[in-house]
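Hello,

Here is the structure I promised to hand over. Have a look, then read my notes below.

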Amino acid sequence: MKNSEAYHLKYHITPPYGLLNDPNGLAFFRSQYHVFHQWNPTGTEHRNKCWAHVVSDDLVHWRRKGIALEPSEWYDKDGIYSGGSVVHEDQLYLFYTGNVIREDGGKESYQCAAISEDGESFRKLGPLFPHPPGYTRHVRDPKVWRDDRGSWWLIVGAQREDQTGDALVYKSEDLLAWTYQGSFLEHDHTFGYMWECPDVLSFAEQDVFVFSPQGLPEKGEYYRNPNQSGYILGEISDTGKFDGSIEDFKELDRGFDFYAPQSFKVRDRLIMFGWMSAMNEDAERAVPTVREGWLHALTLPREIVLRNGRLYQIPLSELQGLRQQGVQAEVQEHGSWQLPSLQAEIIISFLELKESFRAVLRGSVEISYDFEENSLTIWRTNWLTSEREYRKAELSHRPVELQLFIESSSLEIFVNQGEEVFSLRYFLEDTEQRSIQLEAGGNKGQINIYPLRESVE
């Protein structure tokens, strides 16, 4: 079935059909950027998972390559689950979790690897090590990196037998023989019932542990999504242990739809993709694109930098290459503009901010800033219940700039060059509704609106 203009995404990575979820195996190999992702090519349910493969020369224009890994062996016969990659000795190594359902209904998981010389075809190497004692079969999503001394480390998300989340770490000198090092965290912890998609970011100032804990109870305006993704700062010791405090966990994205992020380093830049969306089953079944035979998308790539103990997520500068002739106008007390396209970038810059403001996009998504609280609230209509719902964040600084990437059914909002980010899906059948209303009050500034080109084949 042809995707409708009402929901079709033209510069985000989406599946051609079927269900997309976690980004996997991000790599720069043979002068190309490689992004893999979880894909069910047979339907829009969470089953029959394989790794789809897309490539790019510039991190903006993407070409689909089809399936890179699919269930074929005893250790992955029921699904190729998430993982990462490394490039070593001109070969691309993929690390993934093989899912197995036994005849008696019991389930097993195996941490596996595959290798490629050309970035096109992959030879499976099989399981890397035994299942760790004291953990349920929920051990998955291996991510590998190399330290300054040349040793390889592999981190994997896990669930203890007492139903609490953890991450485990392994060490290797050759990417093939791995030694179990135990829990990744230096200190005891209890935080959710499962940790998915662990990642390790290294900066000159500190190391950062990124992970996606499941089962966190709501805490004010925090943890309001079905599952969360965030990070803690700390240091990795020579023994592979991470010294950091769970109590300092910060959410990466304060919107409705962001989960399972993964990063990779290209020269001096650290780049991250996330998954839009993780939602409960009823909401997922009600997403309008299910009727068209496809579901979900990846976020835009974001450059990750560490500033003053906080991760900033900055839209890649390469995305400016998608801009077409734009419109610039002064911010008015009551301003109204029309989007030239359902694919657009909007930049609202405040030169003087002294009171609250409110913006409404396509009569559907509302952005509301409270000057007294210094908080930003994003409202949308829930497509399952038809009720209005919101996500809210208190800001560390006044919002000098809002950079919005909008499509027919997605929106990513970057506040102050990625100090806070809100990612979300929204669904509006009326493709002629393209208005932007901005009630700026006495605030001064300007708005730039750029239509964006299609960039995914």
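Leaving aside its neighbours within four places in sequence, which residues is Ile346 in contact with? They are Leu339, Leu361, Leu402, Gln403, Leu404, Ile406, Ile436, Ile447, Asn448 and Ile449. Contact means heavy atoms within 4.5 Å.

First, some ground rules. This is a predicted model: local features need pLDDT of at least 70, side-chain atom pairs count only at pLDDT 80 or more, and totals for chains, interfaces and linings use all residues. Residues are numbered from 1 along each chain as its sequence is written, and side-chain values use heavy atoms, with hydrogens and water left out.

Now the core. A nonpolar core is a set of buried Ala, Val, Leu, Ile, Met, Phe, Trp, Tyr and Cys residues joined through side-chain atoms within 4.5 Å. Buried means under 20% relative accessible area, exposed over 50%, partly exposed in between (1.4 Å probe, protein chains only). The largest nonpolar core has 36 residues, and Ile346, Leu361, Ile367, Leu376 and Ile378 touch the most other members. Strand 27 (residues 344–352) gives this core its largest share, four residues. Strands (E, at least two residues) are DSSP runs, numbered from the N terminus. Another core, of 31 residues, lies apart; Tyr11, Ile13, Leu26 and Val54 are among them.

Next, Trp294. This residue sits in strand 21 (residues 294–295). Trp294 is buried, with a relative accessible area of 1%. Contacts of Trp294, leaving aside neighbours within four places in sequence, include Asn3, Tyr7, Thr44 and Arg425.

Best wishes
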